[in-house]
Amino acid sequence: MIGQALNRVDGQLKVSGRAPYAYEQWDGGQPLYGFIVGATIGKGRITRIDTEAAERAPGVRMVMTHHNAPAQGAPDLSVPAEYWRAYPALADPDVHHYGEPVALVVATTFEQARAAARLVEVAYAEEPGRFDFAAHEDEAYAPEAVNAGLPTDTAVGDFDAAFETAAVRIDQRYTTPYVFSQPMEPQACLAVPQGEHLTVYASCQIVDSAHSSLAATLQLDGERIHVVTPYIGGGFGSKLRVHQETTLAALAARTLGLPVKVAQTRQQIFELVGLRPTSDQRVRLGAGRDGRLVALAHEVTMFTSPRIEYAEQSAATTRPLYAAPNRLTRHRLVPLDLPRGEDVRAPGEAPGMLAVESAMDELAHVLGMDPVELRIRNEPEVDPERGVPFSDRRTVDCLREGARRFGWEQRPTTPGSRRDGRWLVGYGMSAAIRGHFQLPMRARVRLEADGTAVVQSDMTDIGTGTYTILSQVAADGLGLPVDRVRVDLGSSEFPTSSGSGGSWGAGGAGTAVHRACQALREMLLEAARGDTRSPLHGLNTAEAVFADGSVRVGSASEELRELVARHHPEGVEAEGETQSMADDPNYKEYSINTYGAHFAEVGVDADTAEIRLRRMLGVFTAGRVLNAKTARSQLIGGMIWGLSAALDEDAVVDTRSGAFVNRDLAHYLVPVHADVPDVDAVIIESFDDKANVLGAKGLGELGICGAGASVANAVFNATGIRVRDFPITLDKLL
Ligand code: MOS
């Protein structure tokens, strides 16, 4: 059952509109609608706020501002994970960034709330803000650690000396823009008060972070808050924590004693949700004429909010990527008065790989070497910075298999040399790598007396296929047909997980479910051995097989439902858990990553420089695959994000006001179907026994790592023009 390309078990509910998302939830009674009013300055304070006209507008029930917002908890800096901390709204008159909420208008209908929001009059004392990254880059400072607790800087050997004397040197700067997650379903919340209790239907990737953040913000006992999020329309990092819509819905609901819904508009997502920091990356590669790296440095300067520090781990994947005896990585932050930085689709790894894998292509070009061969030549024996072995590294397999399938030997070896009508044609490639994370997860599996099973965890399915893979893992673990397993997710009443993020969901939640099934199997076998009515009575059950709804030992077998009905007429349950990587010795003793290789072919119009992807292939390995279909879909999605990073996405800030000017999906470009003619992802199956008992690693974010560089390198191969300022728009080629 594990690995099969099973269709999504929730697919029919979703495509038929019967899967309720946060804003569509109905909890009895007509909810009120809140609309967020955002600041129209980038920094300063509110000097006067006049809500009278808004309050008199049709249908308006309340206008909440910093004058009448309830007291809230402040972020507790001793809580290690920022997303778990309080996130107060309308707490004071200060404005820290453009669009920050200054009021919430609550009305009977959404339209009434939105109309009245325009009547709120705000006067500000504006202060000069820092909005221009380039102008403040010299103010960069070193954070204590970068995202995921990884070290800010690393150094091995003597980089400067080795680089100075290297036969061939690349020293280039690559810049990447601000990027937003932009899931189809916006950040949304329905808060329903019941006396001192509150049910919160929120769109979130981690139920526990939403729950903790709300409890801390509302200063309410966590027992009184129930977070529910059964279906989520994408997250991409932007729902790892709940944002101001959830805080505001909860505050309004508790103040009015009535259900309140608040959703962000598409434009507000560009103001109220965290963004990927813009970055300026310097990559230096020193190599011998044989292509072997002797020195490798990746130094990243990026934006942070001064209030909530966030540092993407942009150079982190460079650390285990290639062998080089002398190396350094460095992260620096430039504080600007913009919305905070947050995790966005392979945080750090995606923009970091864009830079490093472009630089590797530059090195291959200078050396006149096949870029695939250059990478194979620099394949490390052990993790070059940590000195520990890799658990299941298959980069070379991915490179060779990809090159073969793609027809890499057909590539134009001289840039700008191939024409197809008006198109200049180029091939590009890149390696892919991403660290594998393991976080604590718990799940409960319950076997009913009718022989069906229920899996429960506060784990989420953000569109990735969690319902489906956990059904498969439980069906496999109990030997049940998959249609006899039900999976319940996304409720704070279920055992706590670390949710969906960082690609840790599948491996972590899968392991917890597997372990719960294992515990159940042991309970059932013990019962059968001691039961004179069981055909398995007195047998050695060490070799027992659970399959087709039965337990078999040799030729003896008993149906699971009979065994359960006899011993546990009320059903029987067990919990399983996955430990954090900090407590798992394997993660200290091994470098555990996922790997791949990307290949892209582009056409560039010889006259207009219009860039068109012609085809793209990724070959990946991430241990055991839990579902071939959902895995491939995720990888393809990731590859398209890479295409997007190379050619499209660019959130442009107005450096006078701190507002993002292209704040909708008409002007913030992402690839559409017509931009993605032919993309395929192939998985080399493996089993990483160091990662977890299932052998499975996360791959949600692997697909984007390096994907953009393969497209950028193809553009260079097509034109002979190297663009290092992403995205590569046609004006930069002309
Ligand atoms: Mo992902 S950006 O860690 O949700």
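Two strands are taken as paired if DSSP finds at least two bridges between them; strands (E, at least two residues) and helices (H or I, at least four) are DSSP runs numbered from the N terminus. The model is predicted, with local features needing pLDDT of at least 70 and side-chain atom pairs counting only at pLDDT 80 or more, while totals for chains, interfaces and linings use all residues. Residues are numbered from 1 along each chain as its sequence is written, and side-chain values use heavy atoms, with hydrogens and water left out.

Strand E18 (residues 293-304) pairs with strand E19 (residues 326-335) in the parallel sense over 10 bridges, and Leu-296 stands opposite Arg-327 in E19. Both strands belong to an open sheet of 5 strands in the order E9-E19-E18-E17-E10, with mixed pairing. Its edge strands, E9 (154-156) and E10 (168-176), each pair on one side only. Helix H9 (residues 349-367) lies across E10, E17 (279-287) and E18, at about 145 degrees to E10 (contact: heavy atoms within 4.5 Å; axes: lines fitted to C-alpha atoms, for helices over the stretch in contact, with angles from 0 to 180 degrees between N-to-C directions).

Elsewhere, strand E13 (residues 197-202) has 5 of its 6 residues buried (under 20% relative accessible area, 1.4 Å probe, protein chains only). Strand E12 (residues 188-194) runs antiparallel to E13 and is joined to it by 6 bridges, with Ala-191 opposite Val-200. In this hairpin, which has 2 residues between the strands, Gly-195 takes a positive phi near 60 degrees. E13 also pairs with strand E14 (residues 225-228), in the parallel sense over 4 bridges.

Conventions. Buried < 20%, exposed > 50% of the residue type's maximum accessible area, 1.4 Å probe, protein only.
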